Amino acid sequence: MGYPDDQLARGEEVKLHTHPHWKEGVGPVLWFVVFLAIGAIAITYTSRIDWSGTIWLILAEVVIFIALLLWLSVIPLIRWRSTHYVITDQRVMWRDGLVTRESRHIPLARVNTVSYTQNVWERIFGFGDMHIDSASDDGEIKLIDVPKVDKTKALLYQLAEDDRSRRAGASGDGT
């Protein structure tokens with residue numbers, strides 16, 4: 001059972017589980033292609049050199065290119081996939097991190113305001129940054145590059161309103 005299923009309370013239902021917008025993966029993929037091409041070209045030309053230390057030079061090139069691929073391509077892709085934005089019928093959850101994890105949860109009952117910002121580029125591609133203010137000491141959660149940010153905001157407001165109605169109905173039954 002993976003995230004967020006292993007974090008849900010009994011009867012809690014996931015309404016939205018997403019990662020930052022796909023544009024976060026474009027740079028790492030481009031770096032991957034560029035470094036593979038440069039690495040292949042460098043190794044091809046180095047192998048044509050008539051020198052006794054050629055194998056060590058090729059080995060050094062391979063190590064350098066693998067390190068660059070990991071640093072500029074693989075790690076950012078893993079970081080992108082390990083960032084989770086989850087909205088359930090009871091709370092908002094955010095989790096980030098590869099080795100060291102950071103996580104924040106805000107119950108829907110504590111959500112005060114939800115706002116988002118989008119520049120022209122973000123509007124064209126359908127993502128934006130969302131700010132969720134809570135009525136707790138934790139303050140706010142800032143979700144970066146949320147896909148379909150306007151629909152996500154509408155969903156969050158609807159779920160918060162449903163939660164308030166449910167709580168009002170539950171407290172009204174006892175009187």
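This is a predicted model: local features need pLDDT of at least 70, side-chain atom pairs count only at pLDDT 80 or more; totals for chains, interfaces and linings use all residues.
Reader: Let me start with the helices; at what angle do the axes of α1 and α2 cross?

Author: Helix α1, which covers residues 26–47, and helix α2, which covers residues 54–81, have axes that cross at roughly 175 degrees and come within 9 Å.

Reader: And how are α1 and α2 oriented to each other, roughly parallel or roughly antiparallel?

Author: They are roughly antiparallel, because an angle over 145 degrees counts as such.

Reader: Which residues make that contact?

Author: On the α1 side they include W31, F32, F35 and I43, while the α2 side includes L57, F65, L68 and L72. Taken by class, the contact has 18 nonpolar, 5 polar and 1 charged residues.

Reader: Switching to the sheets, in what order do the strands of the 4-stranded one come?

Author: The order is β1-β2-β3-β4, in an open sheet with antiparallel pairing. Its edge strands are β1 (14–18) and β4 (102–107), each of which pairs on one side only, and the twist from one strand to the next averages 10 degrees.

Reader: How many bridges join β3 to β4, then?

Author: There are 6 bridges between β4 and β3, the latter being residues 91–96, and within this pairing W94 has R104 of β4 as its bridge partner.

Reader: What about the sheet that holds β5, β6 and β7?

Author: That one is also open and antiparallel, in the order β5-β6-β7, with β5 (111–117) and β7 (140–147) as edge strands. Its neighbouring strands are turned by 20 degrees against each other on average, direction ignored.

Reader: Which residue of β7 stands opposite D133?

Author: It is E140; β6 (residues 127–134) and β7 pair over 6 bridges in the antiparallel sense.

Methods
Residues are numbered from 1 along each chain as its sequence is written. Side-chain values use heavy atoms; hydrogens and water are left out. Two strands pair if DSSP finds at least two bridges between them. Helices (H or I, at least four residues) and strands (E, at least two) are DSSP runs, numbered from the N terminus. Axes are lines fitted to C-alpha atoms, for helices over the stretch in contact, and angles run from 0 to 180 degrees between N-to-C directions. Angles under 35 degrees count as roughly parallel, over 145 as roughly antiparallel, 65 to 115 as roughly perpendicular and the rest as oblique. Contact means heavy atoms within 4.5 Å. Ala, Val, Leu, Ile, Met, Phe, Trp, Tyr, Cys and Pro count as nonpolar, Asp, Glu, Lys and Arg as charged, and the others, Gly among them, as polar.
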